[in-house]
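Look at the model first, then read on.

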Amino acid sequence: MIQRIDLFHLPFYQKESFTGSDRGLRFWIGRTELAADGDEEKKETVLRVTLWPEPFARDKTPKEQKINRDFPFSEEGLDEAYRWILGEGRECVPGRHFAK
């Protein structure tokens, strides 16, 4: 089972993304820029988490088998993402049931 420390700290995500797995579930965490309030000029930085079932890599998994959720780009947001991956997020991935 993954631990919160396995996800590194926020400065890592300034330049890199992280891919991991936990009991049949694969995940990707990375920095994403979104248009703030529909304004293309203003950007909001978030942590995006993508979950999908094993065995394939993110790019080789059909889009309909993946789910995304955005979290604040902060240590607290990373904590929320960790809890979501281990909890509610596991239950949302289409077509698979994972060990708890």
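## Basis

This is a predicted model, in which local features need pLDDT of at least 70, side-chain atom pairs count only at pLDDT 80 or more, and totals for chains, interfaces and linings use all residues. Residues are numbered from 1 along each chain as its sequence is written, and side-chain values use heavy atoms, without hydrogens and water.

The structure holds 6 salt bridges. A salt bridge is a side-chain nitrogen of Lys or Arg within 4 Å of a carboxyl oxygen of Asp or Glu.

## Arg-4 and its partners

Arg-4 and Glu-75 form a salt bridge at 2.8 Å, N to O. The pair links distant parts of the chain, 71 residues apart: Arg-4 sits in the segment before H1, Glu-75 in helix H2 (residues 75-86). Helices (H or I, at least four residues) and strands (E, at least two) are DSSP runs, numbered from the N terminus.

Arg-4 is buried at 18% relative accessible area, while Glu-75 is partly exposed at 26%. Buried means under 20%, exposed over 50%, and partly exposed in between (1.4 Å probe, protein chains only). A network of salt bridges links Arg-4, Glu-75 and Asp-79.

## Asp-22 and two arginines

Asp-22 forms a salt bridge with Arg-23, with closest N and O atoms 2.7 Å apart. Asp-22 is buried at 3% relative accessibility; Arg-23 is partly exposed at 28%.

Arg-90 also forms a salt bridge with Asp-22, at 3.0 Å between the closest N and O atoms. This pair links distant parts of the chain, 68 residues apart: Arg-90 in helix H3 (residues 88-92), Asp-22 in strand E1 (residues 18-22). Both Arg-90 and Asp-22 are buried.
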